[in-house]
Amino acid sequence: MPLAPTSPGELARAALDDLPRRPTDGLTGDLVLEDPSGHALDALHAALARAARGEHTARLSFYGGSHTASDLYTGVIRARLQQHFGDAGHGFVLAMPPIDRYWQQGVRIADAEGWTMLQPSSKRMGVEHYGLAGMAFEATEPAWAEVETEHGASASRIEIMYLRQPGGGALEVEIDGEPARVLDTASETIAPAIERIEVPLGSHRVSLRTRSSAPVRVFGVVLERDRPGVIVDQLAIAGAKARHQLLWDEATWSALWSPRPPDFVALSYGNNELDDHHLTFAQHEQHFVDVIGRVRRHSPDASCLVIGPSDRQVRGVRGEWKSPGALPLFVAMQRRIAHAHGCAFVDVLAWQGGPGAVERWLASDPPLERDDRMHFTEQGYRRLGADLLRVLLAGMAAEPR
């Protein structure tokens with residue numbers, strides 16, 4: 001029987017060996033990590049090494065649009081890293097489903113009642129208190145929500161992220177059907193808050209309830225285990241654009257970000273921006289610069305990765321499907337900005353084979369692309385997750401045996 005891996009390098013190699021064999025169908029090429037500095041992933045590798053020694057919880061945070069919000073490619077990364085470097089729990093989840101069939105690996109989010117979803121949109125372009133993931137839920141009537149671990153996931157620490165505000169109402173928290181806390185969200189000033197509740201390690205159900213018309217705003221729930229390991233926070237929102245992050249009140253976001261300082265931050269934007277024809281390319285570029293600048297300002301020592309946009313297709317004037325002409329320009333722009341800020345970059349469009357990949361992915365068996373010609377199927381996302389993990393761990397796996 002082979003010996004269990006003992007060094008971080010051996011653990012990285014074991015995690016990579018555990019991935020499915022790379023497909024040879026020609027639908028994807030090598031996903032290349034572009035890192036001119038040679039050090040963009042140093043903080044991630046050091047954090048994983050400390051997690052392997054039982055000294056640290058390595059935190060990875062992923063922001064982006066619907067590609068990331070599916071929790072499919074991030075789910076692959078979470079499962080493999082936790083299997084080999086330690087399971088510190090699921091991490092952050094929205095307390096209510098923002099879209100139909102909202103899903104997070106190892107967590108059930110019930111269909112909530114009585115809440116209004118708040119997020120940046122064409123009708124909400126002012127700076128607002130959106131919280132850690134850029135989305136909030138507010139109740140001004142009796143409301144209910146529930147989050148529960150499932151499929152063997154467990155937690156020993158539960159955190160409720162919410163807003164304290166003038167006139168705020170009471171938020172009742174139940175754990176496994178039993179009253180746990182009543183949070184008074186009223187305050188003379190507006191400020192985010194975190195309520196931490198220690199529970200026995202195991203599966204848990206968290207219920208949130210309001211009973212009056214006084215406003216209560218909730219940002220999300222954290223489910224973690226009080227032990228070293230890996231946390232992968234999937235913080236993406238379907239339809240999100242990089243510029244939306246600039247509409248999150250920075251002080252509110254920072255107050256919730258700082259207690260869970262990441263060792264690695266990934267930004268995956270660009271596909272949704274291609275629909276914003278009212279903005280100039282220079283404006284798109286400045287927005288992306290400002291978003292990376294905000295992340296680097298609050299997490300200067302974290303590893304940073306920019307995940308470039310994928311191929312997508314839109315209808316042409318004659319009804320034909322085609323990739324937007326601006327897509328390669330967005331890829332080049334993100335690559336340039338990533339490198340200027342010390343971030344690594346992966347070109348997903350090139351990995352797919354360039355513009356026109358959607359047609360090949362749709363025709364594959366099974367298809368890797370959905371009929372909307374923008375989103376991947378589960379098989380496509382899992383393929384991306386496996387190849388992303390390969391580039392994230394390649395440096396560690398190359399360490400001497």
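This is a predicted model: local features need pLDDT of at least 70, side-chain atom pairs count only at pLDDT 80 or more; totals for chains, interfaces and linings use all residues.

Me: Which residues of H6 are buried?

Reply: First the general idea. An α-helix has 3.6 residues a turn, so residues three or four places apart point the same way. Now the case here. The buried residues of H6 are His 284, His 287, Phe 288, Val 291, Ile 292, Arg 294, Val 295 and Arg 296.

Me: How do I describe a pair of packed helices?

Reply: Two packed helices are described by the angle between their axes and the distance between the axes. Take H5 (residues 250-257) and H6 (residues 281-298): their axes come within 11 Å and cross at roughly 45°. H5 and H6 are therefore oblique to each other. Their crossing is right-handed.

Me: Which residues make the contact of H5 with H6?

Reply: H5 supplies Glu 250, Trp 253, Ser 254 and Trp 257, while H6 supplies Arg 294, Arg 297 and His 298. By class, the residues of this contact divide into 3 charged, 2 polar and 2 nonpolar. Arg 294 is also listed among the buried residues of H6.

Me: How many residues of H4 are buried?

Reply: Buried means under 20% relative accessible area. In H4, 10 of the 13 residues are buried, so the helix is largely enclosed by the rest of the structure. They are Tyr 73, Thr 74, Gly 75, Val 76, Ile 77, Arg 78, Leu 81, Gln 82, His 84 and Phe 85.

Me: At what angle do H1 and H4 cross?

Reply: The axes of H1 (residues 8-17) and H4 cross at roughly 140° and come within 9 Å. H1 and H4 are therefore oblique to each other. The crossing of H1 and H4 is right-handed. From H1, the contact uses Pro 8, Leu 11, Ala 12, Ala 14 and Ala 15; from H4, it uses Arg 80, His 84 and Phe 85. By class, the contact of H1 with H4 has 6 nonpolar, 1 polar and 1 charged residues.

Me: Now single residues. Is Ala 344 buried or exposed?

Reply: Check its relative accessible area. Ala 344 is buried, with a value of 0%. Its place is in strand S19 (residues 344-346). Leaving aside neighbours within four places in sequence, Ala 344 is in contact with Leu 33, Glu 34, Asp 35, Ala 40, Cys 304, Leu 305, Val 306 and Ala 338. Ala 344 and Val 306 are 38 residues apart in sequence, with 6.2 Å between their C-alpha atoms.

Me: Where is Pro 366 found?

Reply: Pro 366 is in the loop between helix H9 (357-363) and helix H10 (378-397). Pro 366 is partly exposed, with a relative accessible area of 39%. Pro 366 and Leu 16 are 350 residues apart in sequence and 24 Å apart in space, C-alpha to C-alpha.

Note on methods: Residues are numbered from 1 along each chain as its sequence is written. Side-chain values use heavy atoms; hydrogens and water are left out. Axes are lines fitted to C-alpha atoms, for helices over the stretch in contact, and angles run from 0 to 180 degrees between N-to-C directions. Helices (H or I, at least four residues) and strands (E, at least two) are DSSP runs, numbered from the N terminus. Angles under 35 degrees count as roughly parallel, over 145 as roughly antiparallel, 65 to 115 as roughly perpendicular and the rest as oblique. A crossing is left-handed if the near helix is turned anticlockwise from the far one by less than a right angle, and right-handed if clockwise. Contact means heavy atoms within 4.5 Å. Ala, Val, Leu, Ile, Met, Phe, Trp, Tyr, Cys and Pro count as nonpolar, Asp, Glu, Lys and Arg as charged, and the others, Gly among them, as polar. Buried means under 20% relative accessible area, exposed over 50%, partly exposed in between (1.4 Å probe, protein chains only).
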